[in-house]
Every structure is written in structure tokens, then in C-alpha cells.
Amino acid sequence: MSTSPPPHPQTTAARRLNAGRDLWRALSGRGARLVARAHQTWRRSLQVRVVTITLVASSLLVGGFAYLIADKITTILLDNARTDVQLRVKGGAGYAAKQVSLYGQPQEAQLQETIEGTVNYLAGGDPQQTSGVVVAITAADYPTVIQTRTAPAVNVQPLLSKELRAAVASGKVASQIQTGRLTGEPTKYLVYGSPVPTRFGQIELYYLVPLTRQDATAADARATVVATGIALVVLLGLLAALVTRLVVNPVRVAARTAQRLSAGLLDQRMVVNGEDDLALLAASFNQMATNLQRQILRLEEMSRLQRRFTSDVSHELRTPLTTVRMAADLIFAERDEFDPAVARSAELLQAELDRFEELLTDLLEISRFDAGFAMLDAEPTDLVPVVHRVVDRLTGLAERVGVEIELDLPSTPAIAEVDPRRVERVLRNLVGNAVEHGEARPVLITLGIDDTAVAITVRDHGVGLKVGEEKLVFNRFWRADPSRARQTGGTGLGLSISLEDARLHGGWLEAWGAPGQGAQFRLTLPARAGDRLTTSPLRLVPADAALPFGGPRDGGPLAIGPGTGGALAIGPAPAGDGQRAEVRS
């Protein structure tokens, strides 16, 4: 029969150590979760904070008062006991002095009997008889001649300290509190000693009074004070909870009503009860909500009318524009036969009609975005051919202004689920602006992709953006320099429409610029439609940008860009994009 070898001691110790560590980790994790939950409750609940602070403050105050009261009661009881013993000691010392005044020598035979009778008399003189008082007479000057007498007969030497006996032997009345065992359980005694003068010298009279009754009374008083204090603290906590509940509940109702209002439920109102301050708060809140509802409805109606007006005007202008376009095309085709001034007017008319038609198209697109009718037709698209198509369409413009367009594209397809028509429009706006503002310097287009996103940057080396302009670059009808000559005569809506196209994809359109260093725009789109963006494959701040120390705070390059979230927020740029201010919507 085979038997398995016993486990190695080190292996067993290691297992126990690992088990202990696992237990410690589990307990630590549970404790951390409890602390985190308590901290969260403390931060979120005003009622919990008020009740906790009230309980702590009242506990400290009640505890302090309870300590003072209990100490005062104990002091009073001890003072009463001292006064009573002092009277006994004074009377007993006088009586003992009379009894032993007849003896001139300590060796006389009847002296011991007299001392014993005096002790018995003084002990029997106790009115309570069962109080446990012990009376003792000793003679420090004659320890061998006069024996210590006590009533009742107990050994009192352990309770008579050297300091007390020395003080009494020197002719002083002294006292101290000692704890000892005379007849049963250890008991606390108040020991008083007084000298008794005689004809042959001095003897000492001691009273040992138990403080059992005083301790019991003090303990009962402390228990009563503590119980009263605890009850008072609990009542104060309940009162604080009730009061704060009366105050916090209307605030919570107001918070929930405000949340419903912010969610679009404009008919929500608070219930007004009574005529106190809380009722005034509820009435004021309801009045504010009514005014907000009226203003919001008014603004919505104005916005609806404005969108409808823009859409109607854009559509109504189509018919006369078509007629004017036909006439202008006929005049433009025959311009060579006209006078030079008239021919020039025909060319200007043709150019402005092109711009007017483009403006109408942009206005119609903006009205679709404002009305919420813009739809995204996403499909898997290779963005490399899209970039090439945009560059091919703008090559003629780039050659006229002397700008070279450089491409940095991946050798493999960059597939993303996007609307190719909208992406191409965004890139056409970005590249066109870069060519216009490139100051005859190269424009670099870079395409990057990772598992979650695809990004395209358009970098120019023109005059750049001044401080503050980065907040306006995506506004409608805004231009960096109205006096600057343009080659294409843009409408001022291109970047606004590009911003809406990026938002429709759930992406970002961001801008960076610095005076004298040019500008760079970055379009970041999710690789899969509907995904949420967290990072971009490409940097917003170009690697060749010279950032002054301190970044935007020192007047350095800033960036503005729409993202996700629904509201504008200005803050420092993420790590990896350099120092910039970024605005996302």
C-alpha cells in the first residue's frame, strides 16, 4: 500500500501566506468599497451631512456637560464624606484624650484596656452600625509597649501608608484615599488620622471610612447622565433629520423638476403648499419655468420661421436664378463681339452668378441641418481615392496661385463607414481654404487610420490664425481677412457646413493656427458608423510648429474644433496634440 509523502513545511507555509494575503485583499477591497460608498453618500446627500454634523457636535457638547456634571457630583459626595469624617475624628480625638489623660506612663497595665475600650466606644458610636467604619489607635513612639487596637478587629496596617503615619506622628491631621481588603472585597477607604496628646507623649487615632455608598451614588449619577445624554443626542439627531427633510424634500423636488425641464418637459411645475419661504421658492420656480417655457416656445417659433424663410427664399430664388443664368450664359458666350467694357461686365456677371448659385446651394444645405432633415448615407468607403478626387478638382486653382499640393497617404486602402459625398465636400472646403491662404507655399494633406478612427489633416504655411480667430473660424459668414483677395469668392458657409457634416458622422473637425506659422485643420471620423470617438490617429498641432513656452497662456497657438457633447468648452489640449486651446461641441 503506497502512501503519499507529507507536504513540505515551506509549501504549507507559502499556502497559508497566500491565503492570508488573499483574505487581506478581500477585506481591503470590501473596506475600500464601503468607504467609497460612504464618501459618495456624504457628498450627494445634504440630509446625511446635516444629521452627521448635528450628531457629532451634540455628542461632543453633551459628553462635555455629562463629564462636568458627573465630576461635580463625585466631588460633592467626597466633600460630604470628608466633612463627616473630620467631625468624627475631631470628636473621637477629644474623647480619646480624656480617657488616656489619667495615665502618666505607657507601661501602666490598664492603659491597653482603656485604649481598647475607647476604640470600641468610638466604633460603636457609629450611628449606622453597618457602615463598615474601622477605628484604630496606634502609638508610633511606643510600638512595642502600646499595641495597635482596632474595632472591628482587622489588620489596618496595609491601608496606613508611611506618608500618612509620618504626617500624623508629626502632630498633623492628615488624610488620604486608599483601596484595600479588610473584611471582604477590595474597598476604597477614606483614611483620616489625628494625633491624640497624652501625659506621657502622643498616640494616633485613625478612622477608615468606606466610600462604597458614595461610589455607588456617583456611578448611578454617571449612568443617569450618560443615558440622558445619549437620549438627548438621539432626539437631536431625529430632530435634525426631520428638519432637514422638511427643507431638503422641496429642494429635491425642485431638482427633479429642473431635470425634467432640461429634458424638454416644459410643462413640469412644483406643488405650492402654504405661504412660507419654501412655498415662495416653489412659486418663484414655477414662475421662472413659465417664463422659460414662454421664451423657449417663442424662440422655437422664431427659429422655425427663420428656417422656413431661408428655405422658401432659397427655393423661390431658384426660378429667377435659372432665367438669369440662361441670359447670362448667352451674353457670356457672345462677349467677344461686345465692347471690352461690356465684355468685362459679362465676365463679372458670370462669376457672381456662379457665386450666387453656390450660396443658394449652401443656404439650402444649412436649412436642412437646422431643420434636422440631413441624413447620413454611410457606406464602407476608401478615403484615398476621395482625397485624390478633391486634389484633382483643385489642381487648377493651386496652379493659378502657385501652391503645390503634397500628399502623405497610406499605401493600403483606408476603409471607413462614411458618407463619401459629405466627406468629399468637407475636404474640398478645407483644401480650398488652405490653397487660398497658403501664400504660394506648399499645402500638405495627410491621411491616417487606426482600429477606431480615420483622420485627415490639411496643413498650410500661410499667415495663420491670430489670437482669438480660432474661436470664430467655424462661424457662418466669417472670414479671417475681409480685405484679402480671393480666387474662388467663397460664400462664408463652407466651414460651417463642414462642421455640420463632421457632427453628422459623430466626428470632430478641429483647427490649429498661429500667426506666421500657418494653420492646420483635422477631420476625425469613426471607422464604424455610430461609434464614439476618443482619440485621433493624427496630431492636431503639426510637428514643425514652434510653440512658445507656456502654450496658449503666453499667446501661443490655439485650436478650436467641434467634437461630441453638444456644448462648447474651452480647455487644454489632450496630451500628444501639443499645447493648445481646444473648443469642441
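What follows are my notes on this predicted model, topic by topic.

**Ground rules**

I number residues from 1 along each chain as its sequence is written, and I keep to heavy atoms for side-chain values, with hydrogens and water left out. Since this is a predicted model, local features need pLDDT of at least 70 and side-chain atom pairs count only at pLDDT 80 or more, while totals for chains, interfaces and linings use all residues.

**Confidence**

I checked pLDDT, the predictor's confidence in each residue, from 0 to 100. The chain averages 79, and 85% of the residues score at least 70. I marked residues 483-487, where pLDDT is below 50; this stretch has 10 contacts in the model beyond near neighbours in sequence (contact means heavy atoms within 4.5 Å). Residues 549-585 also have a pLDDT below 50, and I noted 113 contacts for them beyond near neighbours in sequence.

**Overall look**

I found 11 helices and 15 strands in the chain. Helices (H or I, at least four residues) and strands (E, at least two) are DSSP runs, numbered from the N terminus. The chain has 585 residues, and 37% of them count as buried. For me, buried means under 20% relative accessible area, exposed over 50%, and partly exposed in between, with a 1.4 Å probe and protein chains only.

I then looked up the accessible surface, which comes to about 33,900 Å², with 58% of it belonging to carbon and sulfur atoms. Such areas come from the Shrake-Rupley method with a 1.4 Å probe; for residues, only the protein chains shown count as cover. Of the contacts between residues at least 6 apart in sequence, 64% join residues at least 24 apart.

**Cores**

I reminded myself that in soluble globular proteins, nonpolar side chains tend to be buried together. A nonpolar core here is a set of buried Ala, Val, Leu, Ile, Met, Phe, Trp, Tyr and Cys residues joined through side-chain atoms within 4.5 Å. Which residues have the most contacts inside the largest core? I wrote down L383, L427, V431, F474 and F521, in a core of 38 residues. Elements that each supply at least two of its residues include α9 (383-401), α10 (420-436), α11 (494-504) and β12 (518-526). Helix α9 gives the largest share, nine residues.

**Salt bridges**

My search of the whole structure turned up 13 salt bridges, each a side-chain nitrogen of Lys or Arg within 4 Å of a carboxyl oxygen of Asp or Glu.

I looked at R389 and E424, whose side chains meet at 3.5 Å, N to O. R389 is in helix α9 and E424 in helix α10, 35 residues apart. R389 counts as partly exposed at 38% relative accessibility, whereas E424 counts as buried at 14%.

Next came D501 and R422, with their closest N and O atoms 2.9 Å apart. The pair links distant parts of the chain, helix α11 for D501 and helix α10 for R422, 79 residues apart. Buried or exposed, I asked, is D501? D501 is buried, with a relative accessible area of 1%, and R422 is buried too, at 3%.

R459 and D544 make a salt bridge as well, at 3.1 Å, N to O. R459 sits in strand β10 and D544 in the loop between β12 and β13 (558-560), 85 residues apart. R459 counts as buried, at 4% relative accessibility.

**Helix α2**

I stopped at T52, which is in helix α2 (residues 46-100). T52 is partly exposed, with a relative accessible area of 31%. I logged 9.2 Å between the C-alpha atoms of T52 and W42, which are 10 residues apart along the chain.
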